[in-house]
Amino acid sequence: MSPPSFGVMLFTHRFPGQSATDVFALAADVAQAAEAHGFASVWTTEHHFLTGYGVNPSATTLAAFLLGRTRRVRVGTAVTILPTHPPVHVAEQAALLDQLSGGRFDLGVGRAGPVVDHEVLGTGIERWRTGLPEALGLVLDSFTGRVSADSEHYRFREVAPGPEPYTRPHPPVHVAATSATGVELAARHGLPMLFFFSQTADEQARLVADYEQLTAARPVHGTAALAHVTDSVAEAERVVHERLAPVFASGYAEYVMVEEYRGPRPTPDELAAGILARQPIWPPELCVRRLVDLVRGSGAGRVLLHVESSGERDAVLANVERLATEVLPAVRTELENA
């Protein structure tokens, strides 16, 4: 199979003792390190009203900043939470970043969960339930020159969004897919899907198979992985139990659900066990094995690596370098020789 493309995914976690200034300074450093070490892309995430899990409320704004701090690497959103944004404005911003960067911007969109964000930001839970297909359609129509809407969710007269995209017909658009609904939406437009690291490779492969039953399009889908290179198994266990699992657990605890949350919220120990069982957070040879299995098992050709597991600036930057030099060359070689 063709070697996959590897990028870095920034959650902008705030670990204990860090300020927001520390978090965003590290994001810029990671983006520049990723470019220097040959990664293909950097991806930003978007979260609201959380103190530690993710403190960036605008994936697009941070992407714009990182485009200005880099020269070659692609920068994308994974994802812009589309039901909380006016879709025509999202398209205008995407076209602007596409223009200013000379075609280096990717727009990833999704709806996220039924959290309080949808209530506070004014769009409401009903748009979360049913509005994403129309919102995505408006984004894509906005790239064509003129757009209007007359529906329950959107109603406005015809306008001409601008600027026109630098990339034709539009900058790359990706759709987060965790269920049949996301698959159908992505397939309807022939757009690539983005998967999250909570989905197993087998689950992702089934979604890819479903996609291919719906359309002749064969885009390069993306998947995410928690990736941290250690010198020993004991070090991997320490990083996950003491640093990464607690920050993920804090996110689960802080999310305010507008609709009832289904199932118990996992404890830090349960999260740590799941991470260690599936994710490439190990010494180099085990990281290689996990990533090869993920690519082969999922059918994804783009991998977004979460690199912030330790929460410590020097360790995060060292992790980016070790992934680029000790892990990814071996992954590419094994996949090319398969």
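User: What makes the second largest pocket a pocket, and what volume does it have?

Analyst: Its volume is about 190 Å³, counted as the space filled by probe spheres set on grid points joined across faces, edges and corners. It is called a pocket because its points form an open set on a 1 Å grid over the protein atoms alone, with protein on both sides within 12 Å along at least five of seven lines. Please keep in mind that this is a predicted model: local features need pLDDT of at least 70, side-chain atom pairs count only at pLDDT 80 or more, and totals for chains, interfaces and linings use all residues. Residues are numbered from 1 along each chain as its sequence is written, and side-chain values use heavy atoms, leaving out hydrogens and water.

User: How do you know that the span of H8 agrees with its number of residues?

Analyst: The expected span is 1.5 Å times one less than the number of residues. For the 14 residues of H8 that gives 20 Å, and its end C-alpha atoms are 20 Å apart, so the two agree.

User: Why do we say that the buried residues of H8 line one face?

Analyst: Gln204, Leu207, Val208 and Tyr211 are the buried ones, with buried meaning under 20% relative accessible area, exposed over 50% and partly exposed in between (1.4 Å probe, protein chains only). Seen down the axis of H8, they fall within an arc of 100 degrees (taken from the directions from the helix axis to the C-beta atoms), so they line one face. On the other side, Asp202, Arg206 and Gln213 are exposed. The buried residues of H8 pack against helix H7 (180-189), strand S9 (193-194), S10 and H11.

User: Is His228 buried or exposed, and why?

Analyst: Its relative accessibility is 4%, so His228 counts as buried. His228 sits in strand S11 (residues 228-229). Beyond four places in sequence, its contacts (heavy atoms within 4.5 Å) include Val239, Trp282, Cys287 and Asn319.

User: What is the volume of the largest cavity?

Analyst: It is about 80 Å³. A cavity is a set of points where a 1.4 Å probe fits but cannot get out. Helix H1 (residues 20-36) gives the largest share of its lining, five residues.

Methods: 1 Å grid on protein atoms, 1.4 Å probe; cavity = no way out; pocket = protein on both sides within 12 Å on 5 of 7 lines; lining within 4 Å. Helix = DSSP H or I, 4+ residues; strand = E, 2+ residues; numbered from the N terminus.
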